[in-house]
Amino acid sequence: MRFRQLVAQHAQKKWLQLYTPIATLPAHSVDCPECGLRVQLPKLRQGQEACCPRCHHQLVRVEYHAFQMPLACALAALILMILVYSQTFAVVILGGIYTHLSLPEMVLDLMVRDFNFLGSVLFLMTFGAPVLFLLLSVYVYASLLSNAPFPYLLYATRILTRLQQWIMIDVFFVSALVADIKMSSVSQVEFGAAFWLMPVLALLVLRTTLAVPIHWVYYQIHRSENHDLFHHHADEPRVCCTRCLYHRPVAENICGVCGSQLFHRRPNSLKISFCFLLAATLLYLPANFLPIMISADPSKKIVSTIMSGIILMWHDGDKMIAAIIFSASILVPSLKIVSMAILLYNAKFQPRWSVEKLSLQYRITEWVGRWSMIDIFVIIILMTAFHTPVAKVIPGAGALYFCLVVILTMLSAHFFDVRLIWDWKMKQNQWKK
């Protein structure tokens, strides 16, 4: 039986490769957005991908079910999103008082209590960005599947490709697990349907983001409009767009394929990245020394900084949670600031370490930054769970500063052009010759 299934799956993959020719990508060249190497790509069929031979960054990928998979995942995720946001997330029972939590109620509660910034962060990263991303995915892939260009299709795709890093449903779910352990020590917590559906929703959203390869999507859009993206004169100077990876004439300031800014190297990359990093470093001090959370009951009031809260959890026996919070709130932001400083130094001056290792360091730094939002989401959950005369939790000034630190470090990594480090290696090779 298992052998028959394997044969059937193999036959299905072969059928897709043979009978969906429009899903393939023709042979062409791209410039790696991480190391700048020009790579000649062969024709790519469904289920194939191409990576840079020098830095191993994934350049181009074609989904197996190129047209159907993203649409199916996005529609399923939207249905789950409706269920998650319409059902009870958790019920917190403390002193005979029942507090019913749902995600919309959490956002409204923060807004009503004038915590507008935290409410906006929760709404945008767990609902606004994911829903907009899923709706745009349905819109774009419905157009591609029907082979009928919808109005404003390019604009929709441009927004779609910029939303992925701001979707934090998975981070929020991990935060809920951490908050549960903290709440369970003083109250009874009963999770509702929304909690159990959220990990499935996070996986579906993640699968949708993986099923939307930017380079392939733009090729399909322009193919349907009979635009040839690969026709260039041999002597025409070109620059490769770092977002869609298509070569455009140097005379263009804005990419004619995806609408992004065109540049050989990002203008003022080091200055912009350094300014964001400097702002994050300065705000990191008050984020750690000012209270991040204030909890109170009729008998006492506890003012906690990030570190004092970690120490308190450690002494109370919640060592695993203390380790998670320490990693997300102290270790990761500190290492990210140090890592970005090292990268900026090596890009400005001659690299002191292996360029390959620095490139990997940048990739890890860019990926891990969003997980520092765990502490902020934990505070938000505790705030909405405990706001009764029996127990109350409110954020301190440190919460705002810490949230800004996370966002600023993400922007610092985004605006850093890692190719500047690889340029040093090219210069060294030229000097040796």
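In strand β7, the residue that V91 has as its bridge partner is E190, and this pair belongs to the four bridges that join β5 (residues 90-94) to β7 in an antiparallel run. Strands here are DSSP runs of E with at least two residues, helices are runs of H or I with at least four residues, and both are numbered from the N terminus; two strands pair if DSSP finds at least two bridges between them. The model is a predicted one, in which local features need pLDDT of at least 70 and side-chain atom pairs count only at pLDDT 80 or more, while totals for chains, interfaces and linings use all residues. Residues are numbered from 1 along each chain as its sequence is written, and side-chain values use heavy atoms, with hydrogens and water left out.

**Sheet and hairpin**

- Strands of a sheet pair through backbone hydrogen bonds, either parallel or antiparallel.
- Three strands form an open sheet in the order β6-β5-β7, with antiparallel pairing, and its edge strands, β6 (97-101) and β7 (188-191), each pair on one side only.
- Strand β3 (residues 49-51) is joined to β4 by three bridges, and the two run antiparallel; the partner of E49 in β4 is R61.
- The hairpin of β3 and β4 has six residues between its strands, and in this hairpin H56 takes a positive phi near 65°.

**Helix α4**

- Helix α4 (residues 116-146) has 31 residues and reaches 42 Å from its first C-alpha to its last, which is close to the 45 Å expected at 1.5 Å a residue, where the expected span is 1.5 Å times one less than the number of residues.
- A kink of about 50° in α4 is centred on L124, the bend at a residue being the angle between axes fitted to the seven residues ending there and the seven starting there.
- Just after α4, N147 takes a positive phi of about 55°.

**Largest pocket**

- A pocket is an open set of points on a 1 Å grid over the protein atoms alone, where a 1.4 Å probe fits, with protein on both sides within 12 Å along at least five of seven lines, and lining residues have an atom within 4 Å of a point.
- The largest pocket is lined by 46 residues, of which H57, Q164, Q165, I214 and E366 lie nearest its centre.
- Among the elements that give two or more residues to this lining are β4 (58-61) and α12 (355-368), while α7 gives the most, with seven residues.
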